[in-house]
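Here is a report on a two-chain model. Please keep the sequence and the 3D view open while reading.

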Amino acid sequence: MSDNTWQDLTNIFRSTLDDEALTLSESTTAKDVSGWDSITHVLLVVAVEKHFKIKLTAGEIQKLQNVGELVALIRAKKSVTGAK
Amino acid sequence: MEPLELELDVAALVKLAKRPGDEKGPCIRAAVLADTSTQLLTTMLRGYARHLGCNLELFEAEFDQIEFNVFDPESPLHQFNPEAVIIYLSAERIAHNYGSLSAPERGSTCENLVRRVAGLYEVLSSRGYQTIFFNLVSPAHGVFGNFGNKVAWSLENQIRRFNVELSRLAVEKSDFNVYDLAALQAAIGSATLFDPKLYYMSKFAIAPAALPRVARGLAKMLTARKGSFIKCLILDLDNTLWGGVIGDDGMDRIQIGELGLGRAFSAFQSWLKLMKDRGIVLAVCSKNEEANAREPFLKHPEMVLRLEDIAVFVANWNDKASNIRFIKSIIDIDFGAMAFLDDNPVERQLVRESFPGMIVPELPEDPSEYVTFLAGLDLFETGSYTAQDAQRTVEYQAEVKRSNDREKFVDLADFLRSLKMRGAVKPFSPFNIPRVAQLTQRSNQFNLRTARYTEKQIAEIAASESHVAMAIELRDKYGDNGLISVIILEKQAETLFLDTWLMSCRVLGRGVEQFVLNTIVKKASELGINTICGEYISTAKNGMVKDHYQKLGFQPAGANRWTLSVADYREYPVHIALEAVTENSSWQAASRDATTEPAPAA
């Protein structure tokens, strides 16, 4: 089953952080990315929810340790809602 | 300006906010103080101001430092010295603490908040800042359900009463303004406006998706005092003001009122009438036989708009672009201050391409949605409203008559003489201060220095010993043009400096400039001052007056300055008689007293 989550998420990060060269890995955290502050954090959450048509809870967001966990969370939510 | 769709995109606004400013655009200094997180709001506000072509210098207070910034005279806010201060007290903060309050404390929430707002306002107003207070949204606690309306200390009751008090202050105080967040909540709903997890996580009381709309409303409130707002609506007729095509369907089959889709069109006409009463001028631009187009306005019993509501009525078979140029020749305002409403996407695109500055909304297909769609575009902010605004349509109708009659005169001098123009030069007084202030805020083209003033500032100038102020009114045989020019002179050492010279473009080419200069020189002479000094400050919109002083015989005095010697001045001959009016007399009384005949032309 092909899945565009990584690519879509990378595009969202690139657009929100205004950095077309940005690459993400499983272990990437906010500390590793310049410009990822509390404001862009909110914009990322909003963009992810809008693009993947899912809702993340405050608890889920708080528990995320790195981008890899975010991807897993998105995939889990998508399969629940049946969204592509 | 980009198409309207761009306006509501978070990412686009964030990018725009980073762009450098435009030197020739108007500059606004504003401050934002709040008890929630405002970083994203201020970014959106910067982005939106950039989108409108304005340079916004924004001071953002530290989180929750409202009282400190306002009451401490040395605070960063006062050092920044803004023109406008935006204060956002959030309903969420109040709701958050509500449970911990005692019953009497809950019951005095509204009263305490009003006192808090009044206290902040007094200080800000005393320093000459305009204030913009957000009103409160309803957090829908639902503790009592609908019964909450019967409980004085319910959160909903306290919040609603507060909003009413805020409106009362806004009506009473000319420098007190309300940003209606409650209206936005009503329009888009709580679910869109508020995301609880973002509030608890990051103190965002407004969801990012809704912020562009807030930014737009605020930006338009700020720029409305800088001359940029809608002044004219150009209307198509068939399927825009009524259902059907008048030429084919005839009077009895077009849909207005109870026939077919008529109710939607009647509602639209009713809304347009409110716009006209507000001072926004309506013009008709339709491809029709003129007689057919006029008939419903004259005879259809269910039409809400009548001919007298339309300032300029154009119906013929010419292309709309030419007709719009004609309309602009009568209503001489920027294309950016005109909106074109037409149900036909092809016509809309043609107009958009012919006049890139003009506002051409993509009307929804269903006429039922016209009003809500247009109302939701935030097109109609203004910095002022005076009783004279309602007269504007009548004044333009007179202008159409003048314009048509001009065709009959071969010689301009003959035409001007035939107008029997009378000019009155009045000091600033409570009768004209609102209108004078409004004109300084609206006038962009014939404006030498584009100094914008609030009513308060105009009142101060009126009372000032070191200023001479003139409000010039013009009347002719067709009607009263009202206030058409404002002059503010400042006594500086041995000269009289022209702080403000602005004129309505409607009276170009009639000798008003010469009439005004004759008056200024006479005043200077009375004061024993020999030199009058003028300055031209170039903006994106006032290119038409760059040679104004040169044309009037001033001498260049370096760096956009010009001087005139009173001793060497020869009065210009004009076809405008000077009325002998005192400050409080009406035009009727004046016309009985008038004795001056127009001076002969050179």
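Does B:Ala559 count as buried or exposed? With 6 C-beta neighbours inside 10 Å, B:Ala559 counts as exposed. The scale used here calls a residue buried if 20 or more other C-beta atoms lie within 10 Å of its own, exposed if 12 or fewer, and partly exposed in between, with C-beta atoms placed from the backbone.

This is a predicted model: local features need pLDDT of at least 70, side-chain atom pairs count only at pLDDT 80 or more, and totals for chains, interfaces and linings use all residues. Residues are numbered from 1 along each chain as its sequence is written, and chains are lettered from A and ligands numbered from 1 in the order in which they are written.

**Positive phi**

B:Ala559 lies in the loop between strand E15 (555–556) and E16 of chain B. Helices (H or I, at least four residues) and strands (E, at least two) are DSSP runs, numbered from the N terminus. B:Ala559 is not a glycine, yet has a positive phi of about 45°. Most residues other than glycine have a negative phi. B:Asp64 is not a glycine either, and its phi is positive at about 60°. B:Asp64 sits in the loop between strand E2 (55–60) and helix H3 (66–71) of chain B. It is partly exposed, with 14 other C-beta atoms within 10 Å.

**The contact between the chains**

Chain B gives 12 residues to the contact and chain A gives 10 residues. Two residues are in contact if their C-beta atoms, placed from the backbone, lie within 7 Å. On the chain B side, helix H1 (10–17), helix H2 (39–51) and helix H11 (196–202) each supply at least two residues. H11(B) has the largest share, 5 residues. By type, this side of chain B has 8 nonpolar, 2 polar and 2 charged residues. Here Ala, Val, Leu, Ile, Met, Phe, Trp, Tyr, Cys and Pro count as nonpolar, Asp, Glu, Lys and Arg as charged, and the others, Gly among them, as polar.

**Cores**

A nonpolar core is a set of buried Ala, Val, Leu, Ile, Met, Phe, Trp, Tyr and Cys residues joined through C-beta atoms within 7 Å. The largest has 78 residues, and those with the most contacts inside it include B:Leu41, B:Ile86 and B:Leu211. Helix H2 (residues 38–52) of chain A gives the most to this core, with 8 residues. Another core, of 45 residues, lies apart from it and has B:Leu272 and B:Ala283 among its members.

Setting aside neighbours within four places in sequence, B:Leu211 is in contact with B:Val10, B:Leu40, B:Leu41, B:Met44 and B:Ile206. The buried residues of H2(A) include A:Val42, A:Leu43 and A:Phe52. Just after H2(A), A:Lys53 takes a positive phi of about 55°.

**Strands of chain B**

Pairing requires at least two DSSP bridges between two strands.

| Strand pair | Sense | Bridges |
|---|---|---|
| E1(B) and E3(B) | parallel | 5 bridges |
| E3(B) and E4(B) | parallel | 4 bridges |
| E13(B) and E14(B) | parallel | 3 bridges |
| E14(B) and E16(B) | antiparallel | 5 bridges |

Strand E3 (residues 84–88) is mostly covered: 5 of its 5 residues are buried. B:Ala84, B:Ile86 and B:Tyr88 point one way from E3(B), while B:Val85 and B:Ile87 point the other way. B:Ala31 stands opposite B:Val85. In E4(B), B:Gln130 is the bridge partner of B:Ala84.

Strand E14 (residues 531–535) alternates. B:Thr495 stands opposite B:Thr531, and B:Glu535 stands opposite B:Arg561 in E16(B).

Which residues of helix H21 (residues 433–442) of chain B are buried? They are B:Ile433, B:Arg435, B:Val436, B:Ala437, B:Gln438, B:Leu439, B:Thr440, B:Gln441 and B:Arg442. With 9 of its 10 residues buried, H21(B) is largely enclosed by the rest of the structure. Its buried residues pack against helix H22 (455–463), strand E11 (467–476), strand E12 (479–492) and E13 of chain B.

B:Arg510 is in the loop between strand E13 (495–503) and helix H23 (512–527) of chain B. B:Arg510 is buried, with 23 other C-beta atoms within 10 Å. Beyond its neighbours within four places in sequence, B:Arg510 is in contact with B:Leu416 and B:Met421.
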